[in-house]
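Dear colleague,

Please find below the structure that I am handing over to you, followed by an account of what was found in it.

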Amino acid sequence: MPISDWELWAVANRLVEEDGRRAHIEVAERLLELEAAGDVEGHITWLMIGERVTKLLRERPAPREAVQ
């Protein structure tokens, strides 16, 4: 069953909230696991989550970065 856009954003947001800038590492690890397992659909889903993680991190200030 395909995952909705809302769900993709929810997973990405949770990763960013829990892991901050390390969220990319979590996505990369998951992608490697899914590739090794031959799970093409899961791999595509996590690529889409990774895109959203990137977008969320671009919008967030880095730790100790001034917010204007």
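**Salt bridges and helix packing**

Glu-18 is exposed, its relative accessible area being 52% (exposed means over 50%, buried under 20% and partly exposed in between, with a 1.4 Å probe and protein chains only). Please note that this is a predicted model, in which local features need pLDDT of at least 70 and side-chain atom pairs count only at pLDDT 80 or more, while totals for chains, interfaces and linings use all residues. Residues are numbered from 1 along each chain as its sequence is written, and side-chain values use heavy atoms, with hydrogens and water left out.

Glu-18 forms a salt bridge with Arg-14, with 3.3 Å between the closest N and O atoms (a salt bridge is a side-chain nitrogen of Lys or Arg within 4 Å of a carboxyl oxygen of Asp or Glu). Both residues lie in helix H1, 4 residues apart, about one turn of the helix (helices are DSSP runs of H or I with at least four residues, numbered from the N terminus). Arg-14 is partly exposed, at 39% relative accessible area.

The count comes to 2 salt bridges by this rule. Arg-52 and Asp-5 also meet through their side chains in a salt bridge, at 2.6 Å from N to O. This pair links distant parts of the chain, 47 residues apart: Asp-5 belongs to helix H1 (residues 5–19) and Arg-52 to helix H3 (residues 40–59). Arg-52 counts as buried because its relative accessibility is 12%, whereas Asp-5, at 43%, counts as partly exposed.

H1 and H3 pack with their axes 8 Å apart and at an angle of about 60° (axes are lines fitted to C-alpha atoms, for helices over the stretch in contact, and angles run from 0 to 180 degrees between N-to-C directions). H1 is therefore oblique to H3 (angles under 35 degrees count as roughly parallel, over 145 as roughly antiparallel, 65 to 115 as roughly perpendicular and the rest as oblique). Among the residues that make the contact are Asp-5, Leu-8 and Trp-9 of H1 and Trp-46, Ile-49 and Arg-52 of H3 (contact means heavy atoms within 4.5 Å).

Leu-31 is located in helix H2 (residues 23–37) and is buried, with 15% relative accessible area. Leaving aside residues up to four places away in sequence, Leu-31 touches His-43, Trp-46 and Leu-47. Leu-31 and Thr-45 are 9.3 Å apart in space, C-alpha to C-alpha, and 14 residues apart in sequence.

Note on methods:
Helix = DSSP H or I, 4+ residues; strand = E, 2+ residues; numbered from the N terminus.
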